[in-house]
Amino acid sequence: MIFTEQELLQYDGSDPKKPIYLAIDGDVYDVTLGGGWYGKGGSYHHFAGKDAARAYVTGCFQDHLTHDTRGLSEEQLKGIAHWKKFYDRHHKYHKIGRVLHDPIPADAPIPKPCKSAVGQKP
């Protein structure tokens, strides 16, 4: 399945009749079986319904809920690959598609660093 960002938002866990999806680096995963974590009120609800690849490696769960990986270090990019493997190999979650992102304008500022705990696990 191919999702737009707007379509993916519909699966953020707010509607108990819909599955819960999240994306990381464009890959969309069904995490419905982890609804206690990713559903409304769950500790990781902020990841649901969006591609928040940047936040997985910066630990900034307020300002970095974006797919924008510009300016990340090689180590951080490896961290994103690690999280993709986590979802790929998880026994409860499975990849169901891709999200198509609008291009990031060349003049868009790179997200500023935040002071959240780096490496905090989702």
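Student: Which residues does UniProt give for the feature "domain: Cytochrome b5 heme-binding"?
Tutor: The unreviewed UniProt entry puts it at residues 3-100; such annotations may be inferred rather than shown by experiment. This is a predicted model, where local features need pLDDT of at least 70, side-chain atom pairs count only at pLDDT 80 or more, and totals for chains, interfaces and linings use all residues. Residues are numbered from 1 along each chain as its sequence is written, and side-chain values use heavy atoms, leaving out hydrogens and water.

Student: Thanks! How many aromatic pairs are there in the whole structure?
Tutor: A search finds 15. Rings of Phe, Tyr and Trp (its six-membered ring) pair if their centres lie within 6.5 Å; planes under 30 degrees apart are stacked, over 60 edge-to-face, and the rest tilted. Tyr56 and Tyr87 make an edge-to-face pair, 6.1 Å centre to centre with 90° between the planes.

Student: Where do Tyr56 and Tyr87 lie?
Tutor: Tyr56 is in helix H3 (residues 53-58) and Tyr87 in helix H4, so the pair ties together parts 31 residues apart in sequence. Helices here are DSSP runs of H or I with at least four residues.

Student: Are those two buried or exposed?
Tutor: Both Tyr56 and Tyr87 are buried (under 20% relative accessible area; exposed is over 50%, partly exposed in between, with a 1.4 Å probe and protein chains only).

Student: And why is the Trp83 and Phe86 pair called edge-to-face?
Tutor: Their ring centres are 5.3 Å apart and the planes stand at 75°, so the pair counts as edge-to-face. Trp83 is buried at 11% relative accessible area, while Phe86 is partly exposed at 32%.

Terms used
Helices (H or I, at least four residues) and strands (E, at least two) are DSSP runs, numbered from the N terminus.
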